[in-house]
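Hi everyone, thanks for making time. Have the sequence and the picture ready, and let's walk through a few spots together.

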Amino acid sequence: MDQNNRNRNRKGAVRAAANQNRPPRERGQGRGAPGADYRQRQEALRRKRAKSMMKRRRKRLRLLALFVAVVLAAVGLVLAVTVLFKVASFRVENTDKRDPVDLGPYTEEQILQALAVNVGDNIFGFSAQDRQILLERALPELETVQVRRSLPSTVVVQVEPATAAYKVAYGDQWAVLSTSCKVMRLEEEEPEGLVELQGIEAAQAEPGSRIQLSQPAPAEGAESTPQESAVGASQDGSAASATPEPETAETTADEALSQLLDRLEQNGLLDGLTAVQLGNLEEFSFTYQGRLKIRLGTSNNLDYKLRLTARVVLGADGLAPTDRGTLDVSSMTKAGTINPVFSPGEP
């Protein structure tokens, strides 16, 4: 028994001594100390963090590159506008580029002087629209003006001279108007050979701007209905078969004139116009070829009235080229049509 106990004690002492001689990592194996799996997880986490940092770094580099590109583009644009594009030449021409160029009463030097742009100026340093308005005011006998840039260094001015067409009293002067009713000039004496705007005066006539007419006082009473013989229409008004427009609100003298000139041109009557009576917008009229007075009444249904007038005046079955008198297209029948009435005599 004693011998067995001594043997067991000797074996325990040997195991204890062997355990003392083991390395620390071996001694702790299997009791929660880090092993191979732990090292792999740490390595994966380190790689993930490094990859995330690289992504953030690349994103910052891309933003920095974009910022530098924007700055360089802005600098290049500023240099192009302020340094590179300088005015080196001018070209004055008509809108259809015909040769020889027609500048009206002006010379190329006068037009360029009024433009107020010099060689060496930056080609983007001025507003083309503002220069256009400036030229229209400074050179009122030009009907249209367009200013544009032809890169890299040419300024182009396209013009069309105005044609005197109308005249209207303006105080103790006469305003000469172009075909678009733009004031070309003021004259002390009444000009000859122009269509007169009668029964009205100009309220404002600034050369280079559109005429502004005074507003006549409205007339009392309704339009009269003449009883003379109808021309080019049956008694039931079948010749005036177009559907009339509904009655419109009262128009100004400027609006009435503009509408009248547009409709006269559309119906082939503008070339024969010799006078326009605007003193009474309830009964306004015009004179054709100095031999026919056309009574229109109000400006309501103006297109309808002038289509009918053109049919009677220009049509083969209408008035003769030598007829003189008054043609009334102002009165509407109950059926909504117009019977044109012609009264021979002096217009």
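When I say two residues touch, or are in contact, I mean that they have heavy atoms within 4.5 Å. And keep in mind that this is a predicted model.

Let's start with N267, which sits in the loop between helix 6 and strand 9. What does N267 touch, leaving out residues up to four places away in sequence? The list is D303, L306, R307, A310 and L314. The side chain of N267 also reaches the backbone oxygen of R263, at 2.8 Å. Is N267 buried or exposed? Buried means under 20% relative accessible area, and N267 has 16%, so it counts as buried.

Now for the two helices. Helix 6 is residues 253-266 and helix 7 is residues 302-314; they pack at an angle of about 40°, with their axes 10 Å apart. The crossing is right-handed. On the helix 6 side, the contact is made by Q259, L260, R263, L264 and Q266, and on the helix 7 side by L302, D303 and L306. Sorted by class, that gives four nonpolar, two polar and two charged residues.

Skipping residues up to four places away in sequence, L260 touches V276, F284, F286, L296, L302 and L306. L260 is also one of the residues that touch the most other members of the largest nonpolar core, which has 43 residues. V168, I211 and L213 are among the others on that list. Several elements supply at least two residues each to this core, including strand 4, helix 6 and strand 9. Which element gives the most? That's helix 7, with seven residues. Apart from this core lies another one, of 19 residues, among them L135, V147, V155 and V159.

Most residues other than glycine have a negative phi, and most peptide bonds are trans. Here, though, a cis peptide bond joins D99 and P100, with omega about 5°. The bond from L151 to P152 is cis too, with omega near 15°, and P152 is in the loop between strand 2 and strand 3.

For positive phi, look at K97, at about 55°, in the loop between strand 1 and helix 4. P100 is in that loop as well. C181 has a positive phi near 65°, and it is found in the loop between strand 5 and strand 6. K97 counts as exposed at 52% relative accessibility, whereas C181 is buried, at 1%.

Key:
Residues are numbered from 1 along each chain as its sequence is written. This is a predicted model: local features need pLDDT of at least 70, side-chain atom pairs count only at pLDDT 80 or more; totals for chains, interfaces and linings use all residues. Side-chain values use heavy atoms; hydrogens and water are left out. Axes are lines fitted to C-alpha atoms, for helices over the stretch in contact, and angles run from 0 to 180 degrees between N-to-C directions. Helices (H or I, at least four residues) and strands (E, at least two) are DSSP runs, numbered from the N terminus. A crossing is left-handed if the near helix is turned anticlockwise from the far one by less than a right angle, and right-handed if clockwise. Ala, Val, Leu, Ile, Met, Phe, Trp, Tyr, Cys and Pro count as nonpolar, Asp, Glu, Lys and Arg as charged, and the others, Gly among them, as polar. Buried means under 20% relative accessible area, exposed over 50%, partly exposed in between (1.4 Å probe, protein chains only). A polar contact is a pair of N or O atoms within 3.5 Å; within protein, one must be able to donate a hydrogen and the other to accept it, and residues adjacent in sequence count only if both atoms are side-chain atoms. A nonpolar core is a set of buried Ala, Val, Leu, Ile, Met, Phe, Trp, Tyr and Cys residues joined through side-chain atoms within 4.5 Å.
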